[in-house]
Amino acid sequence: MSHAQLLFTALILLTLAITAAARRRTASLNDFYTAGGHLPAWQNGLALAGDYLSAAAFLGAAGMYLGQGYDSLAYAVGTLAGWPLLLLLLAEPLRRRGRYTVAGVLSQRFDHAGVRLVSIAGSLTVTLCYLVVQLVGAGKLIELLFGLPYLAAVGLVGALMMVYVALGGMLATTWVQISKASLLFICALLLAGGVLARFGGSPAALFDAAEKLRGAAAFLPSQALADPVEMLSLGLGLSLGLLGLPHVLMRFFTVADARAARRSVGIATWLVAAFFALNIVIGYGAMTLVGPDARFHGADGKLLGGGNMAALHLARLLGGETASALVAAVAFATILAVVSGLALAGASAVSHDLYAVWLKRGQAEPRRELRVSRLATLALGLFGIVLSTLFQQLNIAVMMGLAFAIAASANFPLLLLALRWQDLTARGVVWGGAAGIASSLALIVCGPAVWVAALGHAKPLFPYANPALFSVPLAFAAAWLGSRNGAASTNT
């Protein structure tokens, strides 16, 4: 058995052991959805950072540095900007509401079927899109290392995801996130240290090498972000999208009070910022060391395994097969942890919001609700696997940006207005949510990422790859118009 296979097996056994231990401590629905609501702030902060630091933040970011240089830094800055906003706008108000999901928060104020449906639709859309990003990263990783067909690779990840969520719930997901975040930071420190060792410990020498290799283009936006409108739209989607990710928002309900929620976000912000600083060194190290090395490229000049595998090739160059196996195993653990959080968020939207609260009007038996949650996890996994086959050639950092744009358009406007604007009505929520979901999805499908890259058309119908600059204001405008259109609402 190779080093990679041994490490993969060890990590899978570790996470399964964590899930088994969590299952013994998951005795109620509150335990399943929120880990009992009593996690310490430092644990929740570490798990929150783990929830966010996904395959896109690690594999996709390194690949983007290698291929497009500065663009990856733009993605990092855009997403990092969302964390202070999350702290200022949502952390404490959401925790005080005491609900499991986005739909629960909105339905607490508006007792309206349309509000429930549009909020559930928004949560499921965002969850599914983000899940596809993780599955693409997992499929490509296992495909490269073990020679498995892509479908078999993502099927393995999907099966493990279902086990973690169905058996252990939020507590298992939290412990897996904490373990994975710790391993990811160790891995990033080793890679960044190895890169700097090649340049005498000097970041300046690393950047000089990048400039000699690529010229000033190494530190300027690529053609994809040369348009200021595109750059602004990307930044808006990344910064506001974080505030609409269901699996991140669920973490505010796993701590005891609003103060602990605020501390969790503060801890996560510093951890994410530190990881992105390490990523700069790793990314430019991939550009300068892996980029010119023919051993990591095929006959067509393309990187073996695709751009998302740049971090693995860098690890092999720095530390041989053992280092590459370690990075691969940690990346795999990263994907497993994130898809577990996503699946739990999606399953709770179906089992709790749709089935227990709406269809059963709060009278569902806990055992049946858990059964629906497990079936929903299965359905999400299967649907995500099918969709991931359509987008397996795209850079997962780019795909992450699109998922964030949908979250910024579908969930963020509704949450902000529900928490901050007293004149919002149920009709405003329905109009705003429908406009945000429909416009972001339509513009993405008609844009370069899908219409050209995935569907093969020569020119996009919509010129910009990132729709947030257009879809977010449209969602706010629709919510305002719906609220001013004479609709009465039940505020509670």
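Modeller: Let's start with helix H6, residues 102-109, where seven of the eight residues are buried. This is a predicted model, so local features need pLDDT of at least 70 and side-chain atom pairs count only at pLDDT 80 or more, while totals for chains, interfaces and linings use all residues. Residues are numbered from 1 along each chain as its sequence is written, and side-chain values use heavy atoms, with hydrogens and water left out.

Biologist: Why is Ser264 called buried?

Modeller: Because its relative accessible area is 0%, and the cut-off is under 20%. Ser264 sits in helix H12, residues 258-290.

Biologist: What does the side chain of Ser264 reach?

Modeller: The backbone oxygen of Ala260, at 2.8 Å. A polar contact is a pair of N or O atoms within 3.5 Å; within protein, one must be able to donate a hydrogen and the other to accept it, and residues adjacent in sequence count only if both atoms are side-chain atoms.

Biologist: Which residues is Ser264 in contact with, leaving aside its neighbours within four places in sequence?

Modeller: Ala41, Asn44, Gly45, Leu48 and Val255. Contact means heavy atoms within 4.5 Å.

Biologist: Why is Thr125 called buried too?

Modeller: Thr125 has a relative accessible area of 17%, so it counts as buried. Thr125 lies in helix H7, residues 113-146, and touches Ile406, Ile437 and Leu441, not counting residues up to four places away in sequence.

Biologist: What makes a group of residues a nonpolar core?

Modeller: They have to be buried Ala, Val, Leu, Ile, Met, Phe, Trp, Tyr or Cys residues, joined through side-chain atoms within 4.5 Å. The largest one has 146 residues, and Phe58, Trp83, Leu86, Leu94, Val157, Leu242 and Phe332 touch the most other members. Its largest share, 21 residues, comes from helix H13, residues 310-359. As for Trp83, its contacts beyond four places in sequence include Leu48, Leu242 and Val265.

Biologist: How do you know that Asp111 and Arg116 make a salt bridge?

Modeller: The rule asks for a side-chain nitrogen of Lys or Arg within 4 Å of a carboxyl oxygen of Asp or Glu. Asp111 and Arg116 come in at 3.8 Å, N to O, so the pair passes the test. Asp111 is exposed at 54%, while Arg116 is buried at 14%.

Biologist: How many salt bridges does a search of the whole structure find?

Modeller: Four. Another one joins Arg295 to Asp293, with the closest N and O atoms 2.6 Å apart. Arg295, at 59% relative accessibility, counts as exposed, and Asp293, at 14%, is buried.

Biologist: What about Arg316 and Glu321, how far apart are the closest N and O atoms?

Modeller: They are 2.9 Å apart, and that pair is a salt bridge as well. Why is Arg316 called partly exposed? Its relative accessible area is 24%, so it falls between the buried and exposed limits.

Key
Helices (H or I, at least four residues) and strands (E, at least two) are DSSP runs, numbered from the N terminus. Buried means under 20% relative accessible area, exposed over 50%, partly exposed in between (1.4 Å probe, protein chains only).
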